[in-house]
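Here are a few exercises to work through with the model open beside you. Try each task before reading its solution.

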Amino acid sequence: MMTTSTQQSVSIERVETLIEAYGSNTRCWPEEERDAAMTLLAETPALQQRYKEAQQLDTVLLAGQLEEQPDDALLARIVDKLPPQQVAGVTVKQQERWQWWPTSIAAGFAVMAIVFMVMNAPQQGIENEQLALQEMDYWLWEEVTDQASVDSSEELPADFMSML
Amino acid sequence: MTKQPASVVQHRPWSEIEDHGLLQRIAGANKQAFTELARRHMPVMLGFARRYVSSSDAEDVVQESLTRVWIKAGQWQDRGVSPRSWIMRIVYNLCMDKLRSERWDTEPATDELKCSAATPERAYEHDCRQHQLTRALQALPERQRSAIFLTVYHTMSNRETAAVLKVSIEALESLLSRGRKRLKEIVKQQGES
């Protein structure tokens with residue numbers, strides 16, 4: 001029985017199990033047992049024999065190792081076709097829609113206000129213009145005729161147009 | 001995503017910590033993080049899938065697996081299982097689904113097996129050994145074969161492999177021991193015949 005300060009203790013039977021299960025590649029052995037198991041392996045000829053047999057099988061197995069590289073074309077296709085994400089049954093698209101909702105309402109109001117102002121602006125302008133003309137008419141009429149009480153709707157004097 | 005205590009995270013390999021970070025970014029619909037994670041795991045995913053299904057089906061499996069990672073990244077929880085195990089678990093399940101639905105014939109084509117140890121060309125000998133090995137691996141029960149694929153060819157740790165196959169460490173060691181023992185017998189028989 002071997003024990004290290006940070007590692008679990010292992011028995012010969014346990015090292016046999018590790019060799020049978022994980023083979024000769026000690027990197028595959030459980031990390032917490034590895035150092036103690038390797039120490040015991042180095043000290044035990046019976047275990048070394050089992051280890052050699054495992055090595056032979058691993059040599060055969062590793063002949064079947066396939067080299068795989070990232071497939072950029074496949075990756076590009078996958079990224080292109082990614083659907084909306086899901087978080088607790090709500091898609092990101094839906095979430096985004098809800099996130100934009102207050103902004104959309106504010107923008108809607110702003111657009112309505114602008115439309116209202118634009119639609120009313122020319123009419124108001126015309127009204128103002130008419131009012132101004134009326135005032136001007138009145139002033140001119142006062143000036144020319146010196147009659148303050150004359151209704152602007154009354155017919156203007158004949159020479160009025162030439163004064164403008 | 002549930003955060004692990006710092007003491008747990010410290011003992012993890014750096015690549016696993018990076019995967020956690022990438023998954024968090026993917027949960028925020030970050031395609032750059034997704035691409036990075038996919039590039040990192042795609043070779044193992046493809047390699048594993050190609051051992052079960054045809055090459056084109058393997059690409060479909062990888063595409064479906066990565067799409068699921070993208071969709072579910074926000075729901076993924078760190079419960080001590082590495083992101084790689086989670087991803088490979090998805091690949092494994094999809095491969096099994098494909099095999100079940102298509103009743104994929106695991107026997108290699110007959111003409112591929114017509115090889116002789118007396119053939120002089122080394123390349124051909126290599127092909128023969130490959131076919132013999134493929135045949136030997138295919139003779140194993142599916143769980144034993146998957147356990148060997150993941151630990152030997154994809155160097156996954158015992159914990160990761162156990163998570164992919166959804167078994168305990170003890171059960172995994174039993175699968176591996178029985179698989180290797182059976183494989184040894186088959187290889188020995190192939191050498192004698």
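**Exercise 1.** How many residues does the largest nonpolar core have, and which of those have the most contacts inside it?

*Solution.* Before starting, note that this is a predicted model, where local features need pLDDT of at least 70, side-chain atom pairs count only at pLDDT 80 or more, and totals for chains, interfaces and linings use all residues. Residues are numbered from 1 along each chain as its sequence is written, while chains are lettered from A and ligands numbered from 1 in the order in which they are written.

- Step 1: settle the terms. A nonpolar core is a set of buried Ala, Val, Leu, Ile, Met, Phe, Trp, Tyr and Cys residues joined through C-beta atoms within 7 Å. A residue is buried if 20 or more other C-beta atoms lie within 10 Å of its own, with C-beta atoms placed from the backbone.
- Step 2: the largest core has 55 residues, and A:Ala37, B:Met45, B:Ala49, B:Val62 and B:Val91 have the most contacts inside it.
- Step 3: helix 3 of chain B gives the most to this core, nine residues. Helices here are DSSP runs (H or I, at least four residues), numbered from the N terminus.

**Exercise 2.** Leaving aside neighbours within four places in sequence, find what B:Met45 is in contact with.

*Solution.* Two residues are in contact if their C-beta atoms, placed from the backbone, lie within 7 Å. With those neighbours set aside, the partners of B:Met45 are B:Val62, B:Ser65, B:Ile87 and B:Val91.

**Exercise 3.** Describe the side of chain B that touches chain A.

*Solution.*

- Step 1: count both sides. Chain B has 36 residues in contact with 28 residues of chain A.
- Step 2: find the main contributor. Helix 3 of chain B supplies the largest share of the chain B side, 10 residues.
- Step 3: sort by class. This side has 17 nonpolar, 11 polar and eight charged residues. Here Ala, Val, Leu, Ile, Met, Phe, Trp, Tyr, Cys and Pro count as nonpolar, Asp, Glu, Lys and Arg as charged, and the others, Gly among them, as polar.

**Exercise 4.** Which residues of helix 2 of chain B are buried, and why do they line one face of the helix?

*Solution.*

- Step 1: the buried residues of this helix are B:Asp19, B:Leu22, B:Leu23 and B:Ile26.
- Step 2: seen down the axis of helix 2 of chain B, they fall within an arc of 105°, so they line one face. The arc is that of the directions from the helix axis to the C-beta atoms.
- Step 3: their cover includes helix 3, helix 4 and helix 5 (83-102) of chain B.

Definitions and conventions. Helix = DSSP H or I, 4+ residues; strand = E, 2+ residues; numbered from the N terminus. Buried ≥ 20, exposed ≤ 12 C-beta atoms within 10 Å, placed from the backbone.
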